[in-house]
Each structure stands twice: as structure tokens, then as C-alpha cells.
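Biologist: Let us go through this model together. I will ask what each label rests on, and you give me the value and the cut-off.

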Amino acid sequence: MRINFRAKKPGMVPPPPGEESQTVILPPGWHSYLSPQGRRYYVNTTTNETTWERPSSSPGISASPGPHRSSLPTTVNGYHASGTPAHPPETAHMSLRKSTGDSQNLGSSSPSKKQSKENTITINCVTFPHPDTMPEQQLLKPTEWSYCDYFWADKKDPQGNGTVAGFELLLQKQLKGKQMQKEMSEFIRERIKIEEEYAKNLAKLSQNSLAAQEEGSLGEAWAQVKKSLADEAEVHLKFSAKLHSEVEKPLMNFRENFKKDMKKCDHHIADLRKQLASRYASVEKARKALTERQKDLEMKTQQLEIKLSNKTEEDIKKARRKSTQAGDDLMRCVDLYNQAQSKWFEEMVTTTLELERLEVERVEMIRQHLCQYTQLRHETDMFNQSTVEPVDQLLRKVDPAKDRELWVREHKTGNIRPVDMEI
């Protein structure tokens with residue numbers, strides 16, 4: 001296995017003042033460098049191994065003139081196990097090999113210069129580019145305000161101290177849309193009730209006997225007024241029936257299983273998010289285990305160096321193997337985490353685009369049925385107008401003189417006028 005990282009390679013640096021006399025001849029292939037912090041470390045240009053310990057001529061044993069003995073840190077996906085980036089500016093590529101037996105293991109601190117800011121930031125188990133160090137990402141749909149571009153992060157819950165996932169906001173939007181659709185259907189239902197009640201009252205009023213004794217052309221016009229009420233009642237009954245079949249019912253029945261579908265969708269994405277959180281916890285656990293192994297290796301190495309214990313070379317090798325294994329475990333956990341995040345990302349894109357399509361479809365469906373409502377309303381107005389047209393025609397024909405003539409002819413008692421009495 002090869003574990004790669006980038007470290008600053010300043011080149012050969014002369015020994016600090018006072019150390020010229022302590023210059024030691026290194027084994028073939030090894031060179032000495034100074035870190036930016038002034039600490040000496042050693043690089044094997046043949047095997048690319050790097051260590052704080054001064055290598056000795058004896059195979060399998062390293063020596064160091066100072067008490068600060070530790071090895072360089074592992075990196076995973078370009079990051080040190082501690083979480084800091086392993087790519088400082090002006091770096092040259094170096095690699096650490098896991099060799100059999102005598103390979104130098106990876107430790108807890110690095111001679112490379114650490115960046116002041118990381119390239120990524122993890123929020124609620126999701127890893128994002130750090131806004132201060134990474135360029136702005138290209139949107140998936142740059143020409144639109146698309147769901148798939150603006151709901152990756154979590155949002156502070158206004159109702160509490162927790163957070164709400166961006167996907168949860170989209171689900172709430174969908175469920176709210178379903179509720180609004182239901183309420184619109186209920187509104188149309190109330191409109192239908194008004195129409196039905198209105199038609200019933202019109203029909204009842206058309207049967208009223210008030211002014212039924214009106215005569216002549218005016219009486220005919222009045223009779224037509226009452227008949228127009230019955231015709232209008234029929235128009236409104238038809239209007240209410242069409243509102244039910246063409247507006248209310250489609251609004252109520254559109255996506256009857258929508259809530260169940262959204263619940264399944266929610267559970268699917270939530271399960272992926274839980275898996276991501278579990279993978280992240282595994283990464284942190286593996287990172288902690290690696291740190292402990294590195295500390296254990298450093299402690300044993302220092303004990304051997306200052307002869308505080310009788311640890312053998314095999315003990316050191318065992319600690320190195322455990323540290324290397326911990327590094328492998330960390331890399332495996334990071335790989336599984338990245339796979340889980342990639343799967344969550346893909347499902348998020350697919351699902352948010354589907355939710356976007358469903359919302360467009362919902363809005364278009366409601367728009368079409370509201371247009372149908374206005375069309376029916378216009379038709380009702382036209383039919384209502386047609387019921388009063390006969391009334392208009394008869395009213396224009398009302399002739400008071402003719403009505404008087406007809407009435408006089410029918411009810412006259414005599415046309416001989418009285419005269420004065422004679423003596």
C-alpha cells in the first residue's frame with residue numbers, strides 16, 4: 001500500500017550553529033533536512049521513506065541524537081489523520097511505503113508546513129469545500145434556481161435549537177403543496193354548495209304567486225321574469241355539477257397516494273444520511289485509534305532510546321505494524337465514507353430533480369383546473385344572460401296604451417256619458 005502526502009522539501013540545510021561538530025555520516029541513500037520549525041528529519045531518496053529518527057548503519061534500527069523522536073503522519077485523501085490538509089504551498093510530492101519489517105511507520109507530527117485553513121469542512125457529517133480556500137463550484141443547473149443546487153446544507157430550525165436537512169425542507173414544500181391543493185378543492189366544494197343553494201332558492205322564487213294577476217303586455221313580461229328565474233336556477237345547477245366533476249374532484253383526487261410516496265422518499269434519503277453519519281463516526285473512531293497507535297509507537301521508541309525499559313526491536317516493529325494497520329483502517333473507513341456520501345449525493349440529485357418535476361406538474365395541474373373554473377364561470381354568465389333576453393324583448397314590447405285598450409274592451413260598462421237633468 002502506498003500512502004501519499006505532500007510535504008515541503010526545502011533542500012539540504014546546513015546544520016544550525018553549534019552542531020557542525022556533530023555531523024554524522026548517514027547510510028547510503030539517506031539525506032538530512034530541516035523542517036520550517038527547525039527540526040531535523042531524514043529522507044531516503046531511494047525508498048522515499050521519511051522519518052524524524054536518524055537512521056543508523058545497522059539494518060532495522062534507527063537512532064536519533066535528540067529526545068524528540070516521532071514519525072510523520074498518515075494522510076487520507078490528501079489529509080493528515082488529524083484532519084489538517086497535507087498540501088501546503090510550494091510542495092514536492094513524496095510517498096511513504098509500507099514495507100515488510102524495516103519500513104519506517106507513520107507518526108503524529110509532520111515536518112511539512114501546515115496550512116492555516118483546511119480545504120474542506122465537515123458539517124453534520126457532510127463534507128463541503130471550505131469557502132475560504134476552494135473556488136466557487138459550478139451549479140448543476142446554472143441557468144435555473146433548481147432544487148438540486150440549493151439544498152445540500154442543513155438549516156437552523158426556527159422552532160428549536162436543532163437543524164432541518166435541506167431535503168426535509170423540500171419534502172415540507174411538497175406536502176404543503178398537497179395540503180394547498182386539498183384546501184383549494186374544499187374551497188370549490190363550498191362554492192358548489194352556494195351554487196346549489198342559490199339554484200334551489202331561484203327555483204322556489206320562480207313559483208311565487210306575487211303579482212301573478214298583472215295583465216296585458218306587462219303581465220306577460222312579469223311572467224317571463226319569473227320563468228327566467230327557473231331557467232337561471234337550471235343554469236346554476238349545471239354549473240355546480242360541472243364544478244364538481246371538472247374542478248373539485250380532480251383537485252381532490254390528484255395524487256391520492258402522494259403522502260405515502262413522499263414518506264417512502266423521505267425514509268430512503270434519511271437512511272442514506274444515517275449511513276453517512278455512521279461512516280463518519282467510523283472515520284473519527286479510526287482517526288482516534290490511529291492517533292493512539294502513533295502515540296504508543298512514539299512512547300516505546302523514546303523509552304528504548306533513553307533506556308528506560310528493555311523493549312526489544314520486535315516490540316518496536318509490533319507497534320509499527322499496529323500503527324500501520326490503524327492507518328490502513330482509517331483509509332478504509334474514509335473510502336467507505338466517501339462511497340456513502342457519493343451514493344447520498346447521487347440520490348439527492350435524482351430525488352430533488354424529481355421533486356422539482358412533481359412541483360411543476362402540480363402547479364400546472366392546478367392552473368389548468370382554475371382556468372376550467374373561469375371558463376365554466378364565463379359560460380354560466382352567458383347562459384344567465386340568455387335567460388333574461390326574452391324578458392328584455394317583452395319589456396321592449398310593453399305598450400301602456402294597448403294594454404289600456406285591451407283592458408277597457410274586456411271590462412267596459414258603457415260609453416254613454418251622463419247629461420244635465422231637464423225641468
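Biologist: Where is the place of E232?

Modeller: E232 sits in helix α3. Keep in mind that this is a predicted model, where local features need pLDDT of at least 70, side-chain atom pairs count only at pLDDT 80 or more, and totals for chains, interfaces and linings use all residues. Residues are numbered from 1 along each chain as its sequence is written, and side-chain values use heavy atoms, with hydrogens and water left out.

Biologist: What makes something a helix or a strand here?

Modeller: Both are DSSP runs, numbered from the N terminus: H or I over at least four residues for helices, E over at least two for strands. The chain has six helices and 13 strands.

Biologist: Why is E232 called buried?

Modeller: Its relative accessibility is 14%. Buried means under 20% relative accessible area, exposed means over 50%, and partly exposed is in between (1.4 Å probe, protein chains only). E232 therefore counts as buried. Across the 423 residues of the chain, 35% count as buried.

Biologist: Which residues does E232 touch, leaving out those up to four places away in sequence?

Modeller: Y198, L202, N384 and T387. A contact is heavy atoms within 4.5 Å. For the chain, take contacts between residues at least 6 apart in sequence: 71% of them join residues at least 24 apart.

Biologist: How do you know whether α3 and α5 are roughly parallel or roughly antiparallel?

Modeller: Two packed helices are described by the angle between their axes and the distance between the axes. Here the axes of α3 (residues 216-253) and α5 come within 9 Å and cross at roughly 170°. The axes are lines fitted to C-alpha atoms, for helices over the stretch in contact, and angles run from 0 to 180 degrees between N-to-C directions. Under 35 degrees is roughly parallel, over 145 roughly antiparallel, 65 to 115 roughly perpendicular, and the rest oblique. So α3 and α5 are roughly antiparallel.

Biologist: How many nonpolar, polar and charged residues does that contact have?

Modeller: The contact of α3 with α5 has 17 nonpolar, nine polar and eight charged residues. Ala, Val, Leu, Ile, Met, Phe, Trp, Tyr, Cys and Pro count as nonpolar; Asp, Glu, Lys and Arg count as charged; the others, Gly among them, are polar.

Biologist: What makes a set of residues a nonpolar core?

Modeller: Its members are buried Ala, Val, Leu, Ile, Met, Phe, Trp, Tyr and Cys residues, joined through side-chain atoms within 4.5 Å. The largest one has 26 residues, and F167, W344 and L355 touch the most other members. Two or more residues come from each of α2 (166-206), α4 (258-305) and α5 (313-397). α5 gives the most, with eleven.

Biologist: Which residues is L355 in contact with, leaving aside neighbours within four places?

Modeller: Y147, F167, L170, L171, Q174 and M262.

Biologist: Where does N124 lie, and is it buried or partly exposed?

Modeller: N124 is in the loop between β10 and β11. At 38% relative accessibility, N124 counts as partly exposed. N124 has a positive phi of about 50° although it is not a glycine.

Biologist: Why is H130 called buried?

Modeller: Its relative accessible area is 15%, so H130 falls into the buried class. H130 lies in the loop between β11 and α1 (147-150). Beyond four places in sequence, H130 touches E118, N119, T120 and I121.
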